[in-house]
Amino acid sequence: MPVNALYRDDFYLSTCEAVVTAVHEDGGIELDQTCFYATSGGQPGDTGELERADGTKIVLGQTKHGSSKDIVIHVPLENEPRPLVGETLVLHVDWQRRYRLMRMHTACHLLSVVCSYPITGAAVGEEESRVDFDMTETIDKDEVTAKLMELVGENHPVYLQWITDEELAANPDIVKSKNVRPPIGLGRVSLVCIGENSSIDSQPCGGTHVSETQEVGQIHIAKIEKKGKENRRFRIRFGTSGDEA
């Protein structure tokens with residue numbers, strides 16, 4: 001059944017109560033609402049725990065979508081206990097992991113500002129993220145890092161605006177990705193906006209992000225790889241390039 005995905009409106013919500021609505025044969029758990037982000041758009045789903053009334057925990061290995069985006073399945077690790085339909089649980093997101101992914105995902109958006117080329121692929125990770133661009137130019141990774149850190153240091157606000165699927169269809173130019181479809185099908189689409197009045201950037205994205213660029217922290221471009229004649233892969237890591245020596 002459709003879930004109330006609380007994370008779509010509050011990226012900082014790490015715990016909530018929820019009622020079990022279904023338990024699949026493979027152990028997957030559906031809830032009436034959730035603060036767990038489901039794998040989508042290059043960002044991994046959340047991990048964490050579901051706490052039962054007696055204090056025992058069900059440890060989750062992943063969170064994913066079901067047959068549609070309005071179904072979220074919480075997948076326990078092997079041999080974890082199964083809850084009962086109708087049971088009330090307290091959800092606890094692994095916040096340290098989620099927050100690193102939020103910082104990384106926001107950093108990917110900043111990279112798309114510094115490198116204004118069509119995006120051909122992306123993957124968000126806890127330690128390293130990658131963004132692939134349709135480009136042939138040679139570009140210096142230290143120069144890109146300096147521009148990224150300038151945006152981080154300026155501490156621009158990061159926030160959501162909602163538009164309808166129809167509004168997105170009428171304005172296809174706001175989509176930077178060539179291969180990944182924006183998060184449509186729910187009737188509304190979230191635009192991740194950076195800067196006052198979207199002065200820095202605005203693009204459709206269903207991922208989770210920090211609320212101001214300063215929260216991204218120290219990042220750098222570790223490597224730029226040539227992946228074909230017209231494709232360059234940028235690898236973003238936390239810290240400075242000197243940390244890798």
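This is a predicted model: local features need pLDDT of at least 70, side-chain atom pairs count only at pLDDT 80 or more; totals for chains, interfaces and linings use all residues.

Start by selecting R130: at 22% relative accessibility, this residue is partly exposed (buried is under 20% relative accessible area, exposed over 50%, partly exposed in between, with a 1.4 Å probe and protein chains only).

Residues are numbered from 1 along each chain as its sequence is written, and side-chain values use heavy atoms, leaving out hydrogens and water.

How many salt bridges are there by this rule? The count is twelve, so let's visit another couple.

Select E87 and R52. Their side chains meet in a salt bridge at 2.8 Å, N to O. E87 sits in the loop between β7 (72-76) and β8 (88-93), and R52 in the loop between β5 (48-51) and β6 (57-65), so the pair ties together parts 35 residues apart in sequence. (Helices, H or I with at least four residues, and strands, E with at least two, are DSSP runs numbered from the N terminus.) Are these two buried or exposed? Both E87 and R52 are buried.

Next, go to R97 and E126, another salt bridge, with the closest N and O atoms 3.4 Å apart. R97 belongs to helix α1 (residues 95-114) and E126 to the loop between β9 (119-123) and β10 (128-133), 29 residues apart. R97 is buried at 15% relative accessible area, while E126 is partly exposed at 33%.

Now colour β11, β12 and β13. In that order, these three strands make an open antiparallel sheet (two strands pair if DSSP finds at least two bridges between them). At the edges, pairing on one side only, are β11 (158-164) and β13 (201-204). From one strand to the next, the twist averages 25 degrees (axes are lines fitted to C-alpha atoms, for helices over the stretch in contact, with angles from 0 to 180 degrees between N-to-C directions).

Zoom in on β12 (residues 188-194), which pairs with β13 over four bridges. V192 stands opposite Q203 in β13.

Last stop: bring α1 back. This helix packs on the sheet, touching β11, β12 and β13 (contact means heavy atoms within 4.5 Å), and its direction makes about 115 degrees with that of β13.

Terms used
A salt bridge is a side-chain nitrogen of Lys or Arg within 4 Å of a carboxyl oxygen of Asp or Glu.
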